[in-house]
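Good morning, and thank you for the time. I would like to take you through some helix packing and a few individual residues.

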Amino acid sequence: MLAPFRFLSAFRERVSGGMDWFIEHMYMPFLRRVIRVRYLSMCVAIAVFLFTISLISAGYVKFVLFSDVDGDMLTATIEFPNGTPIEKTEQAVLRLEDAIHKVAEKAKTASGEPLLTNLYSVVGGIISDDPFAGGGSGTPYKGSVRAQLLESQFRGLSSEALKYEWERETGDIPGVVSFTIEGQGGGPPGKPIEVWVQGQDMNTILAAADELKVHLAQYTGVSQIETDFRPGKNEIKFELKPEAHTLGITVSDLAQQVYSGFYGEEALRLQRGRDDVRVRVRYPLDERKTLADLEQVRIRTPQGYEVPLQTVASASYGPGYASIIRTNAMRRVAVTADVDKERANTNEVIADLQENYFDTLISHYPGLSVSVEGSQRDTTESLNSLYIGFPLALVGIFVIIATIFRSYMQPFIIMFTVPFGIIGAIFAHLLMGYDVTMMSLFGIVALAGVVVNDAIVLIECVNDYLAEGAPFYKAIELGGTRRFRAIFLTSVTTVGGLVSLIFAKDMQAKFLVPMALSLAAGVGFATILTLLLIPCLMGILNDFRRIARRMISGVWLAPEEVEPARFRNDELLSLDSAPQPEKPAAALDSD
């Protein structure tokens, strides 16, 4: 019965002895060398930090708002012009179904199971998880196909690759206005690229939007380029001729008389029991059956004369506008596009558009304004909140540390190490193949608190040894030796707790992987920062203190003599030895 306990006790002693050996024979000699060349060590740390930042600037580590989640569903949606018969929509939906079946037959899953587990199609509407997306019944020109895929851990194929394969297999659908294939993502809705083209003239806006679509198609990895403009049903448009103004005919007169002739104008209401019968007057049926009948329409002038419609207005036949969207009192059309993140980066495409194309587009179409919206605007707003919140958090941390240490210089040492925690987080994303996301930045912000905690533990221990009278560099060595175990175990347990989340296969968990990666790798690197960089910074600060005292007094003092922590015990003794106030006589009597 005692054998397991003996084994555990022996294992614990071996681990503890191994850690003591590592501290004595590995950590302490290396710490002495690092402190001896503390300025060189600091330069190396700064160089590594700058190199890490350059990885982001050079594009080796990409930034996206939210990482793609490898979901188990793909939804294809098609839309034809308003008025398209439902039979044509049904043919397109059948074509989408045939295409996804071909993709499923070609694909080989990791487990050998069929790729496609379920297929659901709708003709005359769209499939959407958004209850406010619209497109339900009564839209015969819309259709959707949703493919339920094998779970990602058994599939071995990314849904992003299958999405583009489905699009390639489907090919071009004649007459389609919009054709999109979307996966099951965890980020905000909408396409990665969304550009608003705004102005007053709709024809100019549509021409600029078409030119922008052609330019976006030139980027590698950019697909599913479309606009939110939808043409309406065919209609007849009238435009007044100059002769009409001479005769005193206005647009309102023209519209009212044409409407009255073909649709009727109410002339009388009759009461038939409980019913209200409205009598309308309009042209006979034989005179309003065809478009040619418009040539026989006559328009009455304000003077009472009648003139042929063709002499006062010109007519054109074509599709109208299903809707006109306005933003800030300007008409606008949104151009959206999807980005294959394995072949292109959304931020790089947007940056190139803003630097090299938008000004050219505006010069071609004066009076227009172009702005980047959608997920890019969300990114900017989210980063702006971090620009405000993170400095405030750092100020709060500094105030707390300064209060505890009763010093304004040692808190600067701790705050100086906070940016270096980014090194581990960025390299972890690079090695694991992840893009830096908004969740990664949240993890980096949280990492600042962990770095601060380890630094506080080490510096406070060094201050205690200085207060006991130990030499400065001996106090640093003793503090590192004493706090190595606590700092190391804190880092190991934190990283160990996050490893399960980093390698999780669940779709909901993958959304948090970048944040866990930033924390785990940052904490691991923060251990090195705390155990090596903090002692170097303390030595550098001590050198500056000695130089300042030399300039004031003209005497070189010993390193420990310029440390404020050396007088901590003296302050405590002075407080203990201070005379206590005498009690009043009344209080003595009551005792």
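I begin with a crossing: α3 and α5 cross in a right-handed manner, where right-handed means that the near helix is turned clockwise from the far one by less than a right angle, and left-handed that it is turned anticlockwise. Please bear in mind that this is a predicted model, in which local features need pLDDT of at least 70, side-chain atom pairs count only at pLDDT 80 or more, and totals for chains, interfaces and linings use all residues. Residues are numbered from 1 along each chain as its sequence is written, and side-chain values use heavy atoms, with hydrogens and water left out. Helices are DSSP runs of H or I with at least four residues, strands are runs of E with at least two, and both are numbered from the N terminus.

Two packed helices are described by the angle between their axes and the distance between the axes. For α3 (residues 86–106) and α5 (residues 159–170), the angle is about 125° and the axes are 9 Å apart. The axes are lines fitted to C-alpha atoms, for helices over the stretch in contact, and angles run from 0 to 180 degrees between N-to-C directions. The angle makes α3 oblique to α5; under 35 degrees counts as roughly parallel, over 145 as roughly antiparallel, 65 to 115 as roughly perpendicular, and the rest as oblique.

Which residues of α3 and α5 make the contact? From α3 they are Arg95, Leu96, Ala99, Ile100, Lys102, Val103 and Lys106, and from α5 Leu162, Glu165, Trp166, Arg168, Glu169 and Thr170, contact meaning heavy atoms within 4.5 Å. By class, this contact of α3 with α5 has six nonpolar, one polar and six charged residues. Here Ala, Val, Leu, Ile, Met, Phe, Trp, Tyr, Cys and Pro count as nonpolar, Asp, Glu, Lys and Arg as charged, and the others, Gly among them, as polar.

The second pair is α2 and α14, whose axes come within 10 Å and cross at roughly 45°. These two helices are therefore oblique to each other, and the crossing of α2 and α14 is left-handed. On the α2 side the contact is made by Ala45, Val48, Phe49, Phe51, Thr52, Leu55 and Ile56, and on the α14 side by Ile422, Ile423, Ile426, Phe427 and Leu430. The contact of α2 with α14 divides into 11 nonpolar residues, one polar and no charged.

Let me stay with α14. Its buried residues are Gly421, Ile423, Gly424, Ala425, Ile426, Ala428 and His429, and they pack against α2 (38–57), α15 (438–467) and α18 (513–553). Buried means under 20% relative accessible area, exposed over 50%, and partly exposed in between, with a 1.4 Å probe and protein chains only. After α14 comes Gly433, whose phi is positive, near 80°.

Ala110 lies in the loop between α3 and β2 (116–123) and counts as exposed at 63% relative accessibility. Its C-alpha atom is separated by 5.8 Å from that of Phe154, 44 residues apart along the chain.

Arg32, in helix α1 (residues 3–36), counts as partly exposed at 36% relative accessibility.
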